[in-house]
Amino acid sequence: MLIRRRPSHPIQPSAITQPETFAQRRQLLKAAMATGIGLSTNLAHALVKPQGDGTLIPNRIDTPHGDGLTLTAYENITRYNNFYEFGTGKRDPFRYAHTLQTRPWVVKVDGECEAPGEIGIEDILRHIPQEERIYRFRCVEAWAMNVPWNGFSLMTLLKRFKPTSKAKYVAFETLFDPEQMPGQKRSVLDWPYREGLRMDEAMHPLTMLATGVYGTELPNQNGAPLRLVVPWKYGFKSIKSIVHIRFTDKMPGTTWQQMAPDEYGFYANVNPQVDHPRWSQQQHRMLGDSFFARKQDTLMFNGYAEAVADLYRGMDLHQFY
Ligand SMILES: Nc1nc2c(c(=O)[nH]1)N[C@H]1C(S)=C(S)[C@@H](COP(=O)(O)O)O[C@H]1N2
Ligand SMILES: [Mo]
């Protein structure tokens, strides 16, 4: 067994990224939890975390999600990112996001709700059961990955704040702190980064707040300590490092829509039939595949049509892109 053979050497990242190993790890974690034997920090590192502090997500329940998808390697998920707060290059977040302080971390929830308030990340991790869900992810720039996220349905959190009938949309904001996020010293975007969902999209069970990948807490570059994941929408909807959630009666402005309204709409549903003005959205490449590997056909709603197409029944998706 891996653990016996290499007790003091963390397994190389490439060794933990195969689905079989992921399944093995789940088995191990389950076994460890069932017998009440805690995993040593070393073991946790070796099994699940090739970098960062290796903190395991507490309070996890086992809910397999994802239909035989081949997982994208941890190092691809964590070393090729968009997070303009740390620079506009795809490697910048991996290099520079270590300056972000994710504790303490408080999320404020307000607007059209009966019980506005704040919740700390520790409370979220301790009190909301954390699921593992493997979701397809597709960026507007045509790269895609299959990510084993840890987290929970956004609606679980939203309901606690008792949205009123006036709440038609949910608006999200990223932390604004140029000292921790040096990219914010440049005006490449109108900070803080903002995103939004229609209320029914926000309350859909597939819409999640992610707190981790591969069983451990999110690396900063992926939006620690809390980021949105909406699997049927393009990646830019997945706002990172959220500090503010607001219920509103009007459609909120979003960062990319404001930057380039002809290119990025509010809905941003993955749709191979609607091109980006400057490129086709019909195919994508899996992150980690060779440049010469065959591209894959992008599916309507990123393959989640059965679950979400009803939300858009009767809408002209060319107009509402
Ligand atoms: N705050 C913030 N959130 C963000 C971004 C950003 O620049 N800042 N980039 C978005 C884009 S364009 C994508 S594709 C995804 C990338 O997520 P990943 O780095 O975890 O793959 O994050 C989204 N969330
Ligand atoms: Mo993106």
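Trainee: What does the accessible surface of the protein chain come to?

Mentor: In this predicted model, the accessible surface is about 14800 Å², and 52% of that belongs to carbon and sulfur atoms; the areas come from the Shrake-Rupley method with a 1.4 Å probe, and for residues only the protein chains shown count as cover.

Trainee: And how many of the residues are buried, as a percentage?

Mentor: Of the 321 residues in the protein chain, 54% are buried, where buried means under 20% relative accessible area, exposed means over 50%, and partly exposed is in between, with a 1.4 Å probe and protein chains only.

Trainee: What pLDDT does the chain average?

Mentor: The average is 86, and 83% of the residues score at least 70, pLDDT being the predictor's confidence in each residue on a scale from 0 to 100. Over residues 1-20 the pLDDT is below 50, and over residues 28-51 it is below 50 as well. Where pLDDT is low, the predicted coordinates should not be read in detail.

Trainee: What rules were applied to the model and its numbering?

Mentor: Local features need pLDDT of at least 70 and side-chain atom pairs count only at pLDDT 80 or more, whereas totals for chains, interfaces and linings use all residues. Side-chain values use heavy atoms, with hydrogens and water left out, while residues are numbered from 1 along each chain as its sequence is written and chains are lettered from A, with ligands numbered from 1, in the order in which they are written.

Trainee: Switching to charges, how many salt bridges are there?

Mentor: The count comes to 14, taking a salt bridge as a side-chain nitrogen of Lys or Arg within 4 Å of a carboxyl oxygen of Asp or Glu. One of them pairs E132 with R60, with the closest N and O atoms 3.1 Å apart. E132 lies in strand β4 and R60 in strand β1, so the pair ties together parts that are 72 residues apart in sequence; strands here are DSSP runs of E, at least two residues, and helices are runs of H or I, at least four, numbered from the N terminus.

Trainee: Are E132 and R60 buried or exposed?

Mentor: Both E132 and R60 are buried.

Trainee: What about K237?

Mentor: K237 forms a salt bridge with E195, the closest N and O atoms being 2.7 Å apart, and it links distant parts of the chain, with K237 in the loop between β10 and β11 and E195 in strand β7. K237 and E195 are both buried.

Notes:
Contact means heavy atoms within 4.5 Å.
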